[in-house]
Amino acid sequence: MPLRLHRMLAALALAIASTQSSAAAQSRSPDSTFADLSRDGNGVAALLRPITAGFSGQTAEAAFKAIAATARLSFTLDPRLSGMQSRITIPSSVRSAAVALIEVADASNLRVRVSPSGQIIVVEARASAPAARSATPDTTRRDPVVLAAVHAEAERLERVRFASRTDVGGISITGRELRSAPAFVEPDVLRSVQLMPGISARSDYTAGFNVRGGENDQNLILIDGYPIYSPFHFGGIFSTFIDATVGRVELHRGGMPVQYGGRLSGVIDVSPAEPTSTGTHGTAEVSLVSSSASVGRVFADGAGSWMIAARRTYADAIVNRFSSDTFPYHFQDGQAHVARSWANGVRMSATAYAGADVLTPVLNYSFDNWWGNGVAGVTAAKRFDNARLFGIRLGDSVTIEQRASLTRFSSQIAIPEIVYLATDRVTDRRLAGSIAAHSAGSTRTLGYELSFQDLDYHSNSSFAGLADIIPFDSIRQQSRASSVYADQLWRPTTKLLLQVGGRVDAVQASDWIGFSPRVSMKYWLDRNLAVTAAAGSYAQWMHSLGREEEPIQPIQFWIASDSTLPVSRSHDAIVGVERWMNPTRFFHVEAFYKRYDDLLTPNPYNDAGVRGDEFYRARGASYGADVMLRQLDGGPFSGWLAYTYSVSTRERADGLRYFPTQDRRHNLNLVGSWRSGAYTLGARANIASGLPGTPLIGGYIRARYDPIARRWTPDATFDEQVIPGEYNSVRFPKYSRIDVSATRAGRMWGASVSPYLSVVNLLNAHNPAGFLYDYSTRSNRASVPNLPFAPTLGVSIAY
Amino acid sequence: MDATGVDAVHRTRPRVRWVTWAAAAAAMIAVGVASTMMVRTPPALEARVVTTAAGQRRIVHLPDSTVVTLGPESTLRYTIGDSARAVELDGMAAFRVVHHSAHPFVVRARGAEATDLGTEFVVRAYSGDSSVHVAVASGTVALTNPSAAAPTSALTLRAGDVGMVRSHDAPVAVRQATAATYALWLNGSLSFDDEPLAAVAKELGRWFDADIRIADPALAKRRVSAMYHDATLGNVLDALASAMHFEYTRSGRAITVRPRSR
């Protein structure tokens, strides 16, 4: 250990100066300068320092000392306090020093207090209550209770990430913060993600999204780390994520870490919420179209937790009950999650999801239509302290993780009356594992992933118009991909964090092997300011047949790269700056450039009988910059400003150059949530430039010559024929929308009851999602509007 | 003998000898100057003493390039010109020694001898302490006690080891201690591990140049574990007072600690 001989001088001078100053000789007992430690670190930066802490049978005293030493905290404790010698077991994980201290204190019936200068003391749990309390609880009061900082730990993890990860292109946000944005009908993770910088959506009718100019099938969507292929309900208006189950969302808009593969542009990983307090707790949400409920509890003295949730729309039931008409559609889904840790460092978790959309027969049609997802995954991990392999010490701790999952997407759309049958089945079996060695200032990771996909797609009809949204084809494939990756995160100096890694993917059906290097760095100019940079390569071998230009894409239909369809590649470079103004407010700005090779864009003229013509090959680029100014949750106001400037271009192999449909140049989102007493007001304002579109410049009707009548008559076997203009050569008008919401927190029968009103498109701005052309009589263009003024009601219940 | 001739001869010979002797003298002077320039005269030995008061630290650069960081209330004695490379310490100091295999560096502290074998280490040898502690940060140190009652072999300490010498005992390794703890003060940190409040007060007085008195014997015996980084005396006293439930009065250097009156 180097003996640095000069750092003390300044501090020592201060110390000496403090002793020189004359102080009043009056008795001083400074308890009032100390406050109970909260999970947000009481504004002390050192307490937000990320540490890896875990204890297995150590005394609380040893645990406090270890945390303080790791985070370089000043502390004072009385080792003779009862509780200080309690043996505690807390699973190892990365968390802030404040949270780690609180966990140890909670486990040993002690209390941690902190002074404004950052001095930590440990006292008896009730040694000095901050204020006298009434011995008899006031049961007459029924004022609403607003628990503003329930999730403060998770929210402050952004600061933890700032200090411990390069995190280029990454955004982490809690379900609670996403919920703060006004919602259409009900809160939805994927819709809220669309409000983030670098993210945009084709229309209001899709929960899918485009990341920094990429197509929307280029995003890897994970539920607790397990893939889900078509995570939408109701034609894309709702996602498959039940709001109550959403704990935290990790979003990568580029610079993806090596463990993520198979997609070119983005990753969204939705971690399930895990109950943390004792007893059984639950939520219920009733909106205009659906109801959802969840229940969960911890077990094994907090070492484990479980949660189950379910949701169903009920518009069909209401209409069918009170009207002679029928509403032929509903969707339903359920999710379960269980996690358990043991004292020996083992942690296991499992997540299961199942959901289905059902379109029941209506009118004279004999529908037999349904589609839905199923996901089941299990993860086992074990931590080893001071692990050695063949006598070589691997690190302070080593974590080995193994994951296995099964994902299915199935759909069947059968309408015999128009001779239509579409089926699509995707089965994804996946094994993945990693070993990560953690030591001071360094983490090395080695991992693998094996994925097996069985794909069976068939769609055809005599009704040609359906091909726009459900492409006609018949494809059966098996895809096998094997990947290995390695990565090292280390801190060469206190100001520099480097992450260097690479991933090798082998796709059997394409006989393709590719290497994808990933590099990222963060350099701190000072404690609150850092510059970042990243570069990486990515590969994608699963592609959606869905056409980007369609404003409504009810389902994504997937096929795999094979001998006729190449593996797509992208390469990105990102530079950025992140600045923290205070412990709960920061901004970051990132500039990006991304290049695509062998990109596959759906071919609208594909022949169902010809294999390999499903896509055009293309190459392209996206570049731009995005900014985010964010106020974290925990105070009366939270929210963010997100602005994105982005330019995307594509060039097809046949020479066509164009701006892709997702080429939205400017996109500004302002999202805010204000708490005042029992009320929470939310608002979102969005203004964005228009998307490219293809105009229709004319139409004609095919005619057949009738030799008997000696005249031309319209041919009934053909629809009206249109003459398209140059592809994506015009722009839709700009998009603007203001949403507002109000929620009142109250209590009823011991539960928290929060009714809410949400108004989408308050000013009823007319935002065309597309145009319909009619040349049958006079030339006529009608716009297909995005969401109009739409108030919705609901109530959230938590107990 | 012709007096003139003789004289003539005698007048000639001395002139030749003078030139010869002058040349010889010049050559010797040249050799002397050259040799003087090439071979330095050994300097006279000069004893040096460096002392720190309470609240002070000093960094001392020894002639052999060894760097010593002297803790508060400490005295370092060494000799300029002494090829033996030995110093005497009373108090606490950190040594960063430039290693010479032919001339090992020796620290003598209250009877104990720590002989450097190429290393960085900390020696704590306050006269009020019951033992001398040597903590090795890097390299190797041979710890001996020449004043031991029985002949003993040297205790070899490697990086991370802590050795201890009591007055007439053989040096022993301190298993439960970590060397890093002994070097914390170099980075502005103080550490106390389950120590009586009286000892903590004494150490704080040493580091912050204060006279801390504990008015209550029972309070003085209460145990404290603490660590302070770049803290002021006010911060430390406030934390101690809140954690240990005492109050204190402060007047200049004088600080009096007593149990809370309520």
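## A three-stranded sheet in chain B

One open sheet in chain B has three strands, in the order β13-β16-β15, and its pairing is mixed. The edge strands are β13 (211-214) and β15 (246-251) of chain B, each of which pairs on one side only. Direction ignored, neighbouring strands of this sheet are turned by 20° against each other on average. This is a predicted model.

Look at the pairing of β15(B) with strand β16 (residues 254-259) of chain B. These two strands run antiparallel and are joined by six bridges. One residue pair to find is B:R250 and its bridge partner in β16(B), B:I255. As background, strands of a sheet pair through backbone hydrogen bonds, either parallel or antiparallel.

## Helices across the sheet

Two helices of chain B lie across strands of this sheet. Helix α3 (residues 197-208) of chain B lies across β13 and β16 of chain B. Its direction is at about 165° to β13(B). Helix α5 (residues 233-244) of chain B lies across β15 and β16 of chain B. Helix α5 of chain B runs at about 155° to β15(B).

Most residues other than glycine have a negative phi. Where is B:D230 found? B:D230 sits in the loop between β14 (223-229) and α5 of chain B. Its phi is positive, near 50°, although B:D230 is not a glycine. B:D230 has 19 C-beta neighbours inside 10 Å, so it counts as partly exposed.

B:H245 lies in the loop between α5 and β15 of chain B. B:H245 is not a glycine, yet its phi is positive, at about 60°. With 19 other C-beta atoms within 10 Å, B:H245 is partly exposed. A residue needs 20 or more such neighbours to count as buried.

Strand β5 (residues 86-96) of chain B pairs with strand β3 (residues 67-70) of chain B in the antiparallel sense, over four bridges. Here B:L70 has B:A93 of β5(B) as its bridge partner.

β5(B) also pairs with strand β6 (residues 106-109) of chain B. This pairing is parallel and has three bridges. B:E88 stands opposite B:R108 in β6(B).

## Chain A in outline

Now turn to chain A. Its secondary structure comes to eight helices and 51 strands. The chain has 799 residues, and 45% of them count as buried. Take the contacts in chain A between residues at least 6 apart in sequence: 65% of these join residues at least 24 apart.

## A buried helix and its partner

Is helix α3 (residues 97-107) of chain A largely enclosed or exposed? Nine of its eleven residues are buried, so α3(A) is largely enclosed by the rest of the structure. The buried residues are A:A97, A:A98, A:V99, A:A100, A:L101, A:I102, A:E103, A:V104 and A:A105. A:N109 follows α3(A) and has a positive phi, near 55°.

Helix α2 (residues 60-71) of chain A packs against α3(A) at an angle of about 175°, and the two axes are 10 Å apart. That angle makes α2(A) roughly antiparallel to α3(A). On the α2(A) side, the contact is made by A:A60, A:A63, A:F64, A:I67 and A:A71. On the α3(A) side, A:A97, A:A100, A:L101, A:V104 and A:A107 take part.

## Nonpolar cores

In soluble globular proteins, nonpolar side chains tend to be buried together. The largest nonpolar core of this model has 103 residues. A:F64, A:I67, A:L101, A:V104, B:F121, B:V123 and B:V134 touch the most other members. Leaving out residues up to four places away in sequence, A:F64 touches A:F75, A:L77, A:L101, A:V104 and A:V122. Another core lies apart from this one and has 67 residues, among them A:V193, A:V375, A:F615 and A:A642.

## How confident is the predictor?

The predictor gives the complex an ipTM of 0.74 and a pTM of 0.63. Chain B averages a pLDDT of 80, and 81% of its residues score at least 70.

Where in chain B is confidence lowest, and where is it highest? Confidence is lowest in helix α1 (residues 3-38) of chain B, with a mean of 56. The highest value, 92, belongs to β13(B). Over residues 1-14 of chain B, pLDDT stays under 50. For these residues the model has one contact beyond four places in sequence.

Technical notes. Residues numbered from 1 in each chain as written. Chains lettered and ligands numbered in written order. Core = buried A, V, L, I, M, F, W, Y, C linked by C-beta atoms within 7 Å. Buried ≥ 20, exposed ≤ 12 C-beta atoms within 10 Å, placed from the backbone. Contact = placed C-beta atoms within 7 Å. Pairing = 2+ DSSP bridges. Axes fitted to C-alpha atoms, helices over the stretch in contact; angles between N-to-C directions. pLDDT = per-residue confidence, 0-100. Parallel < 35°, antiparallel > 145°, perpendicular 65-115°, else oblique.
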